[in-house]
Amino acid sequence: MKKMLTLCLLGVMLLVTACGNNGGNTPANTPTAPPATTNNAPAEDPANNAPDETAELTPEEGATLLVWESIEERPFVEAIAKEFTEKYGVPVKFEEVGAGDQVNKLISDGPAGLGADVVLFPHDNLGKAVQAGLVLPNDFYEEESKGANSEIAVNAVTYGGTLYGYPRSVETYALFYNKDLVSEVPTTFEQIVEFASTFNDPAKNKYTLMWEVGNFYFNYPFVSTGGYVYGDNGQNKDDIGLNTAGAIEGMAYYGSLKDKLLPMNSGDLTYDIKKGFFTGGTLAMDINGPWTIGDYRASGINFGVAKLPDINGQPASSFSGIKAWYVNSFTKYPQAARLFAHFTSTKEAQLKDFEITGALPANKEAANDPAISGDEIVKGFLEQFEQSTPMPAIPEMGNVWSPIAAAFSEVWNNGADAKTVLDNAVQQIKDANNGAQ
């Protein structure tokens with residue numbers, strides 16, 4: 001039956017070829033370009049064309065590209081776009097749109113034909129983008145992207161088993177420490193508590209360690225030692241792991257630190273408060289992200305960055321974010337857009353981005369380049385990233401923040417029972433996920 005069907009199809013194809021006016025042939029090693037699209041229909045998924053990954057992707061004739069990125073990344077985007085245009089002859093226009101705003105903007109602009117051909121946003125917006133049909137899979141460069149980049153980064157830009165993103169940079173938080181106050185970097189929270197017993201002096205604003213204790217983003221390490229948010233790499237809304245035995249134990253330990261480290265209510269521990277103490281030389285250690293590096297360097301503080309200390313004998317996993325390029329499914333030039341997304345996410349491109357903006361690379365070889373591995377500050381963040389957990393990318397993550405933040409607040413400020421508040425928070429999350437009123 002299969003042979004007969006194949007012969008029939010072959011006969012039809014020969015008949016159409018004989019009767020048509022176009023006698024040209026597509027080279028065997030050149031992927032067939034998806035058809036140009038109208039303004040209100042997404043491009044055909046190029047995966048259906050089964051592209052030959054050994055071939056060079058060819059941009060469509062007359063292609064031009066619009067790229068969205070934040071103003072901070074403009075110097076890099078313009079520099080790499082210039083190289084791309086020189087190599088492929090495809091003009092690239094830059095439009096300033098914040099990374100966190102791009103998916104919402106694409107929801108309205110994409111179908112109208114006004115969206116950028118290539119966009120860049122944090123991975124936790126991917127689920128929303130995929131469910132709205134806004135982005136095409138990273139199919140042509142799939143194996144190359146998977147092999148070149150950190151597995152954590154690749155998993156983060158994969159949704160429902162399909163790779164969509166072209167990883168570009170990674171971000172997480174780590175332990176800043178004042179080298180003039182800390183002679184040996186602690187590797188466990190027990191060591192931090194021991195240091196605090198001789199260093200802390202609240203009357204003089206002297207504190208051993210601070211973090212935003214009311215913010216679940218920074219509190220995740222305490223439930224990571226045996227707990228998790230959503231199962232199946234953060235994509236199963238029905239598997240909530242925030243009240244496992246390990247999460248409860250971590251939450252209880254978190255609550256015990258108020259008297260030992262930070263006799264303040266959670267609302268009083270803000271980013272600016274911490275920054276003032278650290279740059280003033282009275283805070284020994286601070287859990288913060290790479291966005292703080294510039295301010296701390298400008299202050300003249302002699303500081304370093306290291307992995308987070310272990311909690312209850314287990315590595316502390318931080319939340320991480322991965323920024324990646326994505327191809328708009330409504331683009332008129334899917335071939336050129338895929339080529340650009342790949343071109344701007346290679347090892348060389350990520351090293352250039354680090355040189356220009358300081359963005360931490362997702363590419364494994366780039367991360368091991370002497371320019372990066374030789375930087376103590378960057379190395380500390382990348383080491384923490386390797387034991388991080390990407391924030392879940394499913395839309396139901398939005399139902400987590402408020403209930404779990406309230407749970408942490410109750411434990412820290414009021415000494416509430418860890419199991420009781422976590423059980424209550426998980427039930428609220430389940431109700432929200434299932435549409436309960």
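This is a predicted model: local features need pLDDT of at least 70, side-chain atom pairs count only at pLDDT 80 or more; totals for chains, interfaces and linings use all residues.
Me: Why is E190 called partly exposed?
Reply: Buried means under 20% relative accessible area, exposed means over 50%, and partly exposed is in between (1.4 Å probe, protein chains only). E190 has 39%, so it is partly exposed.

Me: Why is the pair of Y173 and Y217 called edge-to-face?
Reply: Rings of Phe, Tyr and Trp (its six-membered ring) pair if their centres lie within 6.5 Å; planes under 30 degrees apart are stacked, over 60 edge-to-face, and the rest tilted. By this rule there are 32 aromatic pairs. For Y173 and Y217 the centres are 4.9 Å apart and the planes stand at 65°, so the pair is edge-to-face. The pair links distant parts of the chain, 44 residues apart: Y173 is in the loop between β7 (166–172) and β8 (174–178), and Y217 is in helix α8 (residues 216–224). Helices (H or I, at least four residues) and strands (E, at least two) are DSSP runs, numbered from the N terminus.

Me: What angle between the planes goes with the edge-to-face pair of Y254 and F408?
Reply: The planes are at 85°, with 4.8 Å centre to centre. Y254 belongs to helix α10 (residues 245–260) and F408 to helix α18 (residues 401–414), 154 residues apart.

Me: Why does F408 count as buried?
Reply: Its relative accessibility is 0%, so F408 falls under the buried limit. Y254 is also buried, with a relative accessible area of 0%.

Me: How do you know that the charged end of K206 sits over the ring of F199?
Reply: The rule asks for NZ of Lys or CZ of Arg within 6 Å of the ring centre and within 35 degrees of the ring normal. The charged end of K206 is 4.6 Å from the centre of the F199 ring and is listed as sitting over that ring.

How values were computed: Residues are numbered from 1 along each chain as its sequence is written. Side-chain values use heavy atoms; hydrogens and water are left out.
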